Every structure is written in structure tokens, then in C-alpha cells.
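Thank you all for coming; I would like to take a few minutes to go through one model with you.

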Amino acid sequence: MSDTISLPWASDFHCHLRQGDMMDTVVPMVEQGGVRTVLAMPNLTPPLTTTQMAVDYGTALQKLAPNVRFILTLYLSPDLTPDEVAKAAAAGITAVKVYPSGVTTNSDWGVLDFKVYYPTFQAMQDHNLVLCLHGECPSDASKGICILNAEERFLATLRELHEAFPKLRIVLEHATTKAAVDCVKSLGDTVACTITAHHLFITIDDWAGQPHHFCKPVAKYPSDRDALQEVVRSGHPRFFLGSDSAPHPRRAKQGERPAAGVFTTPILVPLMATLFERLGCLDKLEAFISTYGRAFYQLPAVSSSDARIVLRRKALEIPESYTISGGSAQVADVVVPFMAKQELAWQIDGF
């Protein structure tokens, strides 16, 4: 087996780049992880609910990483009228992210009733915008919904949306269950699914008591992880990389109520290569981290003349933490990466 792999720069179709000092810290790490196309999430404080807010955010990101293509998104809210959708499309915004109310970080402004937004979804279908779904129902003990079945209980909504808007491209984000995999496979070509690096590695035992592996949606049972691994091993073209890398300061992850989010940005492609080698499907890596997602998002295909990265078989020890930069008055803090202090089998030449 070769000790090097040549790959196109990866495309990450779900990443949290934050704001302020954290943004200044993590955005320059995107290339370090082997990525040059990023779908930037809009759940900031305040969330990106208007075209101008998203455009301004994109400008700030571009200054920090000039070589990276940032795909901009809006946060679904009452501000996103059909007229605003038309304006967003004209400005080059690609997608709208839906957060059911209260399910994850900065989702307090999220959706309670999807049917209220059907006129917006129709406008998105007309203007060829992508609908990105955080696919969980809010926990509700009276309905028997908790973090372990919230994704599966949401799938009926996904089916309803696809039936109502069959030409609307929909992405079920960061799938964690066999039920989600089976559901997406059963639907039409306008429905796709992102899968994170960490959900391909871990199960419930790996985050219970380990706050730096805790995210939303939570990793589930071994049988669910097996289904995720099997669908990427099979090379299904509607399943592709969306890291859901979501950094938080260590103090927020190790508090009384740990923040939800796993940080993989600076190690993303070496992490994926290590996993795909373990699964015996390194030949499927390029399509998963580049080809499939780019095709679904209707981005130009990577050509033979495009720049590439070289992965080398050489041990890469994941740092214990990364210092959060910036000149604020806050006490200096760090962000702890996924699998801190563990070793990966591959690293990128030049980093």
C-alpha cells in the first residue's frame, strides 16, 4: 500500500466558524485540516437572519482565510420571507439552515411549526436554495422524546417536507442513526445527508462522561455507528462530509452543563483518512470528502488542474488543546479537539 495519497482539497458542508476571538482562531485552521470549501453555519449571536448579515459575515471570514471558499447560509426565522429568499439568491447565498427550537447551540430562535414556513420553502425551491435540516425534535417527556430518539422522531417531518417540495434540495445534517440512513436512502435524489467524522468513530459510551465528545445530535448505539460506516463504505452518492465541527472554550465544555459541540477542523482530513483506512475503503475517501457533496450543491467538479493535497503515512499526534487568540479582556482559554492526545495514521504535507 502506498505511503502517500493525493487528494483534492476537501469540501466540508457543515462547519461552525463562530465569531469574535473564536472565529479568529478557528477560521485560519480550515486549510490546516485539508479543506478549502466550507458551508458556514449561521447560528451566531444574533443569528444570521438577513442577506446583509450573511454577506457581512462572509466578508469577515474571507479576510481570515483568503484561499477558502465560504458557502453562506441563513438561519430560518420569520425574517426570511419569500422576498428575502429572492434577495439572498441574488446575493449568492446557497442554503438556509433550520434549527428546531432549543435542540442545540444558539437554537433559541428556532422553528416550532414547519408549516408556517411553507411559503418560504416554496420560494427556496423556486430559487434553487438548499434546505439544511438539524433533524431532531425538541425533547418532550410527555411525548416520549429524548436525545436518544429525537432524530428518529424527526424523520416523519423530513418525509413530509420532501413530499410537499419534491424539487427542493434538502440535506439531513449530521445523521447519527440507522433509521436516518435508511430514510434518506428511501427518498428521492433531491434529499441528501451529511455525516461527521466524530459520529463515524464514537457511540454513546464515548461521550457519556466525556464532555469533549458531547455534541447534538448525540452519538447513539453501536448498530447506528455501523450503519453510518456501512453507507460511507458503500460509496452512496447522497452521503457526504459535513464535519459539524463546533468549537467551544474548555470552560464551557467542562461546566455544569457542557456545551454541545466537537472540534475537528484542524485535523479533519487526516481524521477521515485514518478512519477510511480502518474501514478498508480508502478508495472511497475522495468522493466522500469532495465529489459527492460538490455535486449535490451544484459546485464545479474538481478538475485535474486544480490544486491538491498530499497525505503522508506518518503519525500525527492530536494536540491536547489550541489556544484561543484575540485581544479581548477575557481570561485566556483553549479549545480541546476531538481525540485530544491520540494518534492519527496520516498527516498532510506542509502542515
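At roughly what angle do the axes of helix 5 and helix 6 cross? Before I answer, please keep in mind that this is a predicted model, in which local features need pLDDT of at least 70 and side-chain atom pairs count only at pLDDT 80 or more, while totals for chains, interfaces and linings use all residues. Residues are numbered from 1 along each chain as its sequence is written, and side-chain values use heavy atoms, with hydrogens and water left out.

The axes of helix 5, residues 150-164, and helix 6, residues 178-186, cross at roughly 15 degrees and come within 9 Å, where axes are lines fitted to C-alpha atoms, for helices over the stretch in contact, and angles run from 0 to 180 degrees between N-to-C directions. Helices here are DSSP runs (H or I, at least four residues), numbered from the N terminus. That crossing makes helix 5 roughly parallel to helix 6, a term used for angles under 35 degrees. On the helix 5 side, the contact (heavy atoms within 4.5 Å) is made by E151, E152, L155, L158 and R159, and on the helix 6 side by A179, A180, C183 and V184.

Turning to the other pair, the axes of helix 3, residues 82-90, and helix 4, residues 118-127, come within 8 Å and cross at roughly 25 degrees, and these two helices are therefore roughly parallel to each other as well. Their contact is made by P82, V85, A86 and A89 of helix 3 together with P119, T120, A123, M124 and H127 of helix 4.

Key
Parallel < 35°, antiparallel > 145°, perpendicular 65-115°, else oblique.
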